Amino acid sequence: MEEYEKKAYQVLKLLGCNQSYSGFNHAMFAVAMLLENPEIHDYTGENGIYTKIAEHYHKQSWTAVERSIRHLIQNFCQNASLEKCDKVFGEEVTESTINSGKNLSNKQFLESICNYIRYDFKPEE
């Protein structure tokens, strides 16, 4: 899983996500989990990905994890570079999406990063 975390870290940094947000680590861990276990589809609930992240980071609830990732995405959308977005998200994120203040859902954000890592990502040496 460490290899996936490293790749997720590199993509989040490429996108300009701020590492000082707790959501950065939560998103990084979520992407690594999704890459390692592609059959995961449940984000909430007792066995959901947010619960597993909360346990890993000793958070009180899965809702705190969901909220921290959402906050990271909101910050990302406010400061996003269209060129970098296009590289990772393709047509899901457009200039009008960014300018309208409409954010990606957590699931869209995380799964788009996973797909980018699976199919297009060239890691830094």
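**Helices and rings, in questions and answers**

Visitor: Which residues of α5 are exposed on the other side of that helix?

Guide: Helices here are DSSP runs of H or I with at least four residues, strands are runs of E with at least two, and both are numbered from the N terminus. Buried means under 20% relative accessible area, exposed over 50% and partly exposed in between, using a 1.4 Å probe and protein chains only. By that scale, the exposed residues on the other side of α5 are Glu83 and Lys87.

Visitor: What kind of model am I looking at?

Guide: Residues are numbered from 1 along each chain as its sequence is written, and side-chain values use heavy atoms, with hydrogens and water left out. Local features need pLDDT of at least 70, side-chain atom pairs count only at pLDDT 80 or more, totals for chains, interfaces and linings use all residues, and the model itself is predicted.

Visitor: How wide an arc do the buried residues of α5 cover?

Guide: The buried ones in α5 are Cys85, Val88 and Phe89. They sit on the same side of α5, because the arc they cover around the axis is only 75°. An arc here is that of the directions from the helix axis to the C-beta atoms, and its value for these residues is 75°.

Visitor: Which residue just after α5 takes a positive phi?

Guide: The phi in question is about 60°. The residue that takes it, just after α5, is Gly90.

Visitor: How much of the chain is buried?

Guide: The chain exposes about 7,200 Å², and carbon and sulfur atoms supply 44% of that. Those areas come from the Shrake-Rupley method with a 1.4 Å probe; for residues, only the protein chains shown count as cover. Of the 125 residues in the chain, the buried share is 42%.

Visitor: What share of the contacts between residues at least 6 apart in sequence joins residues at least 24 apart?

Guide: Contact means heavy atoms within 4.5 Å. Take the contacts between residues at least 6 apart in sequence; the share that joins residues at least 24 apart is 61%.

Visitor: How many aromatic pairs does the chain hold?

Guide: Rings of Phe, Tyr and Trp (its six-membered ring) pair if their centres lie within 6.5 Å; planes under 30 degrees apart count as stacked, over 60 as edge-to-face and the rest as tilted. Tyr43, Tyr50 and Trp62 are linked by ring pairs into a cluster. By this rule the aromatic pairs number seven.

Visitor: Why is the pair of Phe29 and Tyr57 edge-to-face?

Guide: The ring centres of Phe29 and Tyr57 are 5.8 Å apart, and the pair is edge-to-face because the planes stand at 85°. It links distant parts of the chain, 28 residues apart: Phe29 is in helix α2 (residues 22–36), while Tyr57 is in the loop between α3 (49–56) and α4 (62–79). Phe29 is buried at 7% relative accessible area, whereas Tyr57 is partly exposed at 27%. The reason for the edge-to-face label is the plane angle, 85°.

Visitor: At what angle do α4 and α7 pack?

Guide: Axes are lines fitted to C-alpha atoms, for helices over the stretch in contact, and angles run from 0 to 180 degrees between N-to-C directions. The axes of α4 and α7 (residues 106–119) are 10 Å apart. Residues that meet there include Ile69, Ile73 and Phe76 in α4, with Phe109 and Leu110 in α7. The packing angle is about 75°.

Visitor: Are α3 and α4 roughly parallel or roughly perpendicular?

Guide: Angles under 35 degrees count as roughly parallel, over 145 as roughly antiparallel, 65 to 115 as roughly perpendicular and the rest as oblique. The axes of α3 and α4 come within 8 Å and cross at roughly 100°. That makes α3 and α4 roughly perpendicular.
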